[in-house]
Amino acid sequence: MSEARVRKILLAVGTAFMIVFCLTPFMWMIAVSVSKYPDFLGSQSFVVTFRNYLDIITIGSLHFLDHLRNSLIVSATVALACALIAASAAYAVSRLRFRGRMPISLGVLALSTFPQISLVGYLYKLMRSLGLINTYPALILPYIAWTVPLGFWILLSYISRIPHDLDDAAIADGASRGLVFRKIVLPIAAPGLFSAILLIFIAAFNEFLFALMLTTDHSARTIPVGIALFQGLHGEIPWGYIMAASTLASLPLVTLAMVFQRYVIQDITRGALKG
Amino acid sequence: MPARGYNGRTAYIFIAPMLIVVCAFVLLPVGGTVWLSFLREVTYLPAKFVGLGNFSRLIRDENFWQSLKFTAAFTGVCVPLEVVLGLCFALILNERIPMRNLIRATILVPWAVPTIVSARTWELIYNYSYGLANYVTQAVGLSDQPINWLGSPASAFVALVVADVWKTTPFVAIILLAGLQTIPEGIYEHAKVDGAGLTQRFLKITLPLLKPALAVVLIFRSIDTVRILDLIYVLTNGGPGGSTTSLSLLGYKYFNEGDFGYGSAIAVVVFLLAFVLSISYLRATGFGKVFK
Amino acid sequence: MQRKALILIALAIFTVCSRTSQKVTFMIGGAPAELDYWEALASKFSDSTGIDIAILRQPTDTDQRRQGLVVPLRAGEKDPDAFLMDIVWIGQFAASGWLEPLDSYVDNEGFDLSPFFERVIDLADRYDGHLIALPVYVDAGLLYYRSDLLAEYGYNEAPVTWNELAKIAMEVQAKQRKINPQFWGFVWQGAQYEGLICNFLEYAVSNGGGIVARGESLIINSPANIEALTFMRDLLAKYRISPPNTYTEMKEEQVRSFFESGNALFERNWPYAWGLHQSPDSKVRGKVGISLLPKFEGGHHAATLGGWHIAISRNSDAKRQAWEFLKYVVSRRVQTDFAVDLGWNPARRDVYDSPKVRERAPHLVKLREVFESATARPTLPYYSLLSKMLQQKVNAALSGMMEPEKALDEAQAEAREIAARYKR
């Protein structure tokens, strides 16, 4: 068999497996979200209803739309700020020699390995004394700090692969480091930058513990906590609501991912990378 | 000004924002946690400095060793699976397949669903009487009796692995995909002309050039797996019989019951474990060269 | 003289103003509808007293609720001023000095405690001789049974002993299986969580066992307990009347919906299941009876006490106002509303006599008897640690990973260590 053929078969099988693997549980989620009874594979029958979707949007006490809005604002701010902060740090570490380069990089990484539960008490006190409890900054600031190592390391791995010749030449022409960073490195690093933004956005979107402890109601609470609030007094789990809410909540993320794909894959930049 | 000479001031300006946020919101609480790990800090007892007392207690604590074993096994199984699968996904997505953009977005779905929800989804899938898993195994004829997925230590372990791999493979794929973008097409063409086959090209070109991205993926996946909490909290809460208690879950319990000293000591162990793993990945992938 | 009077007046006005503007923050968890109910309650209270209540919303998950309280209380924050506690947290919270003793408030106003279940107050709301909380609603384990099926197979009454229950369940299960292959005799809470201890305690105490005897002496591996746990395991392994997922998935909700879909003869659950079993969607509507949980021969009936209690934070800056709110929440009128609107079991005996309650929630009358004799979990400050450890051992025994005797021997040894380490 020719190489092209093997490749084609592998690709087809791989793609099929990938889609089934990733989507089956999600399809099941959607099935539960439009089913009147979550146990339709057991004793109940499958009755299609859109009640769950209607309910979560219209029942005021669930505050679904408030939580969604909060999540979007918080995550977008975090993703953008964090990506910029991380990119500038990654640029410095990959291009400039300075004392503490390695300790700082490793230190930032090491700090991110602490379990969140051990940090939450301190953050609560801090936010309380700053009067920020139940506001967006109470979530945005810790989220940036908590996701910046991920962004930093993704971008470090990416930027360190961009050849130095380009920026060296610009600097020789008298451009400042800031200008080189903005005009040359950032555009070339776009694929890395966008995958970092995407992953950070999702991380912030999904964070639970900080959001639970640092907010007290729907004026700043985010989706995961909002969904956790659906649960009833004795642990009744309104599966339909939960699944409908998560399906709706994942829409912005999927859209974002689709939009960003264009930037993640940039054939033009390939020539600029060292081999 | 030499382009690659010592360049402290400029560098610190670039790096300052990151250092400030990390110090204020991570370094200080981490310092507090480390300090607590040397105390007997129980909400209703007077605080007392006990030196390494909490750690020597850990060494004698059977539950700690059980959790450590579980966490090590879980990390050892999940991370390689996720990386291999994620690499396959990234390679496929890097090809010109039909509806590439749509497919790229859809494989992100598992990562995009909040953990608290995906854990619940798996709880429903593994449900004994009306879960999807039993429905499928029975429909395909793999088993004529429903299986109690979370019922034995071994099957609960597998169930957790599947749920974790499903959830995090897209994360791996996205980072590796960005890494693949840094490999110029031209190199492959050269190799093709030189008569290198598919496997050879993968081993000789793709893998070496992907090392930095692989290092990042290995590090962050290992960190997250070593401190895994939510998924286990929802699916097994450490059962059956405590066999799936991760270190983080153990620590979480102590934080929750009011023993902050012992909980902090466990947090410190989680940190050490994750850190040692991270360093060894950096070594193994030669990523340290960045700092040369 | 005049100046002094003026200053006094100014001071009086100032205190009045600052008092009325003083907000009481109240932390409460629950389902969205319940939280809305509390909001409405709070605004009714504000309208009549002029004291504002700010509700801090928490999820239902008890671990999360507890964290939401422990973090600010430990930090010595002024907020929340008042909050609800699960009965099992009270030991820790009280021992940590986070709860304002209520004795002086009660004494000064001659507040009458006699309408409340004495047993509940004594077992849960007193610590070191001080009253530190008031019960808002109470729970206790009950046996639910399918009255239609029992009648069909010739039984007039619910079983009184555990062995009778096993015998009846085996017979009915075998016969029902022919019609419904998914049918099981008895469902109860066996997953590794706090509910497992509630179940375990009911078997143990109804056999003369328990967790602690007189004060703090541990009796976890007593023969009575070993026999009780062996029986629990036998429900799964020997009699096979409880489904295999009992020890992995069965929490109160899973048990409730299992029974409600018509697939079980007996169910151990909290009183809340009653209302849901009678809902229009339920397949067992009108076919359910409730009874005391069975006992072992020679033992006495036992039901684990659960429920939520309201307290004031030691650090509160609005204790007076919070006390007013406490009194309001446990007042007869509000407790009656809880029973009628939310189906909660009131902590006041006098509510059970109200005709409105008798009409809307007839099962409550039977419950009163249960509450008068309920069994409490130990109020040790380290109870939760003890419980987490015990959950693991009991669960291991149920799963067959460990023999009951070995599990309880290990539990006893570990409990001793926990007690030695954490006792005050």
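Visitor: How many salt bridges are there between chain A and chain B?

Guide: A salt bridge is called where a side-chain nitrogen of Lys or Arg lies within 4 Å of a carboxyl oxygen of Asp or Glu, and between chain A and chain B the count is 1 salt bridge. It joins the side chains of A:Arg7 and B:Glu95, at 2.9 Å from N to O. This is a predicted model, in which local features need pLDDT of at least 70 and side-chain atom pairs count only at pLDDT 80 or more, whereas totals for chains, interfaces and linings use all residues; side-chain values use heavy atoms, with hydrogens and water left out. Residues are numbered from 1 along each chain as its sequence is written, while chains are lettered from A and ligands numbered from 1 in the order in which they are written.

Visitor: What area is buried between chain A and chain B?

Guide: The size of an interface is often given as the accessible area lost when the parts come together. Here buried area is taken with a 1.4 Å probe and summed over both parts, and for chain A and chain B it comes to about 9800 Å², of which carbon and sulfur atoms give 77%. In terms of contact (heavy atoms within 4.5 Å), 101 residues of chain A meet 105 residues of chain B.

Visitor: Which helix gives the most to the side of chain A that touches chain B?

Guide: Polar contacts come before that: each is a pair of N or O atoms within 3.5 Å, where within protein one must be able to donate a hydrogen and the other to accept it, and residues adjacent in sequence count only if both atoms are side-chain atoms. Between chain A and chain B there are 10 residue pairs in polar contact, both at pLDDT 80 or more. Helix 1 of chain A (residues 3-33) gives the most to this side, with 17 residues. By class, the side of chain A that touches chain B has 68 nonpolar, 20 polar and 13 charged residues, where Ala, Val, Leu, Ile, Met, Phe, Trp, Tyr, Cys and Pro count as nonpolar, Asp, Glu, Lys and Arg as charged, and the others, Gly among them, as polar. Chain A has 12 helices and 0 strands, with helices (H or I, at least four residues) and strands (E, at least two) taken as DSSP runs and numbered from the N terminus.

Visitor: How many salt bridges does the rule find across the interface of chain A and chain C?

Guide: The rule finds 2 salt bridges there. In one, the side chains of C:Glu77 and A:Arg128 meet at 3.7 Å, N to O; this pair crosses from the loop between helix 3 and strand 3 of chain C to helix 5 of chain A. A:Arg128 also forms a salt bridge with C:Asp79, at 3.3 Å, N to O. Helix 5 (120-129) and helix 10 (209-214) of chain A each supply at least two residues of the side that touches chain C, and helix 5 gives the most to that side, with 5 residues. The residues of that side of chain A divide into 14 nonpolar, 10 polar and 4 charged. As a whole, this contact takes 28 residues from chain A and 31 residues from chain C, and about 2600 Å² is buried between the two chains, 60% of it on carbon and sulfur atoms.

Visitor: Where is the place of C:Pro80, and what is the peptide bond from C:Asp79 to C:Pro80, cis or trans?

Guide: Most residues other than glycine have a negative phi, and most peptide bonds are trans. The bond from C:Asp79 to C:Pro80 is cis, with omega near -5 degrees, and C:Pro80 lies in the loop between helix 3 (62-74) and strand 3 (82-86) of chain C. As for phi, A:Asn134 is not a glycine but has a positive value of about 65 degrees; A:Asn134 is in the loop between helix 5 and helix 6 (136-159) of chain A.

Visitor: In what order do the 5 strands of the open sheet in chain C stand?

Guide: Two strands pair if DSSP finds at least two bridges between them. In this open sheet of chain C the order is 2-1-3-13-6, with mixed pairing. Strand 2 (53-58) and strand 6 (134-140) of chain C are at the edges with a single partner strand each, so one side of each has no neighbour in the sheet. Strand 1 (residues 24-29) and strand 2 of chain C run parallel, joined by 6 bridges, and C:Phe26 has C:Ile55 in strand 2 as its bridge partner.
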